[in-house]
Amino acid sequence: MDLDDDAAAVYRAMLDDHTQTVADLAIALSLSRPRVRKALDTLADTALLQPAGADPMVLVPTPPRVGMARLVAEAEVALAAQARRVAAVRSLMETMAAEHDAHLHREALVHHRTVEAVRDRLQELALAARTECVSLNPGRAHKPDAMAASKPLNQLALERGVAIRAVYQDSFRHDAATLDYARWLTEIGGQARTMPEVPMLLVVVDREVALLPRVVGDPSQGAIEVRSPALVAALVDHVEMVWLLAEPFGEARRREAPLTSATSRQLLQMLASGATDESAARRLGLSTRTVRRLMSDFMTQTGATSRFQAGVEAARRGLLDARD
């Protein structure tokens with residue numbers, strides 16, 4: 001039992017003079033008599049007042065170290081019980097958090113640590129695909145065994161009505177086997193596009209699950225499977241941007257004249273305002289290599305020997321303010 005302010009005040013007064021009556025205590029402490037009587041009852045219940053001798057009606061205060069030892073012990077017991085409850089809640093929290101984290105890992109982010117595990121998972125996803133499978137394929141060539149394994153899966157998927165789209169790097173045209181595979185894919189109903197530089201290896205199935213390398217540029221280290229809706233949505237946006245920038249397979253790559261291309265004008269405006277190649281590339285959705293090529297083409301066409309001269313020439317020709 002805790003002592004309230006009235007009980008503590010009455011106890012101090014009784015320690016000074018235990019002969020005081022209820023009336024005396026009420027006057028000395030500016031308390032009403034009912035409040036004094038209640039305080040005396042509390043002190044008696046907590047053994048801070050005890051009978052003096054044989055007369056139970058005469059109460060004297062118990063020395064603080066003796067009388068309050070019980071209150072201290074009770075408080076310590078209560079604190080220990082509370083500490084046990086806190087520990088139990090913390091343990092439950094940690095257990096549930098670990099289970100939740102494991103669930104998130106299992107559902108949203110899974111590591112496939114070998115090439116074989118990645119191929120097995122891709123086969124599962126291809127067989128389960130309902131609407132589409134889109135892939136970005138950097139590099140010059142694909143391994144023959146990987147293409148051989150994917151052929152029947154792609155054919156079955158297309159027969160089920162699953163759309164298959166693939167973006168390849170232009171350099172794959174120098175590998176006969178990969179070139180034949182791309183032709184075969186388009187002939188049976190798939191779609192293929194190419195671009196000078198594919199940013200990363202990526203596969204997205206049904207816009208619900210994505211696989212990307214655990215180590216960028218090294219597919220031998222396995223893949224990460226992503227199922228988090230927010231992350232997959234971001235990857236889908238990335239894929240669609242790349243798809244729009246790529247050229248349909250079989251068509252000659254369009255080369256807009258640098259002086260009339262809307263993209264080139266935007267690039268010139270950005271570079272004239274001080275943007276770096278990297279920042280301009282990000283804003284235009286191009287590779288840094290493409291940005292540098294466009295700038296080099298413009299400098300060659302205008303005869304400029306520096307970017308400053310190129311900017312002056314672009315302004316003189318009205319290219320920085322031109323509109324389609």
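Let's start with the lining of the second largest cavity. Eight names are on the slide: E132, V134, R165, V204, R207, V236, V239 and E240 line the second largest cavity. By cavity I mean a set of points, on a 1 Å grid over the protein atoms alone, where a 1.4 Å probe fits but cannot get out; lining residues have an atom within 4 Å of a point. Which elements give two or more residues to this lining? They are β4 (132-137) and α8 (229-245). Helices are DSSP runs of H or I with at least four residues, strands are runs of E with at least two, and both are numbered from the N terminus. The largest share comes from α8, with three residues.

By type, the lining divides into four nonpolar residues, four charged and no polar. Here nonpolar is Ala, Val, Leu, Ile, Met, Phe, Trp, Tyr, Cys and Pro; charged is Asp, Glu, Lys and Arg; the others, Gly among them, are polar. The volume of this second largest cavity is about 30 Å³. Volume is the space filled by probe spheres set on the grid points, which are joined across faces, edges and corners. Over the whole structure, the search finds two cavities of 30 Å³ or more.

Now, the ground rules. This is a predicted model, in which local features need pLDDT of at least 70, side-chain atom pairs count only at pLDDT 80 or more, and totals for chains, interfaces and linings use all residues. Residues are numbered from 1 along each chain as its sequence is written, and side-chain values use heavy atoms, with hydrogens and water left out.

Confidence next. pLDDT is the predictor's confidence in each residue, from 0 to 100. The protein has a mean pLDDT of 80, and 82% of its residues reach 70 or more. Contact means heavy atoms within 4.5 Å.

On to charge. Side chains of opposite charge can pair when their charged atoms come close. The structure holds 11 salt bridges. The cut-off: a side-chain nitrogen of Lys or Arg within 4 Å of a carboxyl oxygen of Asp or Glu.

R165 and E132 form a salt bridge, N to O at 3.3 Å. This pair links distant parts of the chain, 33 residues apart: R165 sits in strand β5 (residues 163-169) and E132 in strand β4. Are R165 and E132 buried or exposed? Both are buried. Buried means under 20% relative accessible area, exposed over 50%, and partly exposed in between, with a 1.4 Å probe and protein chains only.

Another pair: the side chains of R130 and E208 meet in a salt bridge at 2.7 Å, N to O. R130 is in the loop between α5 and β4, and E208 in the loop between β7 and β8 (209-213), so the pair ties together parts that are 78 residues apart in sequence. E208 is partly exposed, at 39% relative accessibility.

R121 is buried at 16% relative accessible area, whereas E124 is partly exposed at 46%. A network of salt bridges links R121, E124, E225 and R227.

R207, from the cavity lining, has a positive phi near 55° and is not a glycine. R207 lies in the loop between β7 and β8 and is partly exposed at 44%. S30 also has a positive phi, about 55°, and is not a glycine. S30 sits in the loop between α2 (22-29) and α3 (33-45). With a relative accessible area of 65%, S30 is exposed.

T42 is in helix α3, buried at 12%. Its C-alpha atom is 9.5 Å from that of D6, 36 residues apart along the chain. N154 is in helix α6 (residues 144-159), buried at 13%. What does N154 contact, leaving aside its neighbours within four places in sequence? I164, Y181, W184 and L185.

Conventions:
1 Å grid on protein atoms, 1.4 Å probe; cavity = no way out; pocket = protein on both sides within 12 Å on 5 of 7 lines; lining within 4 Å.
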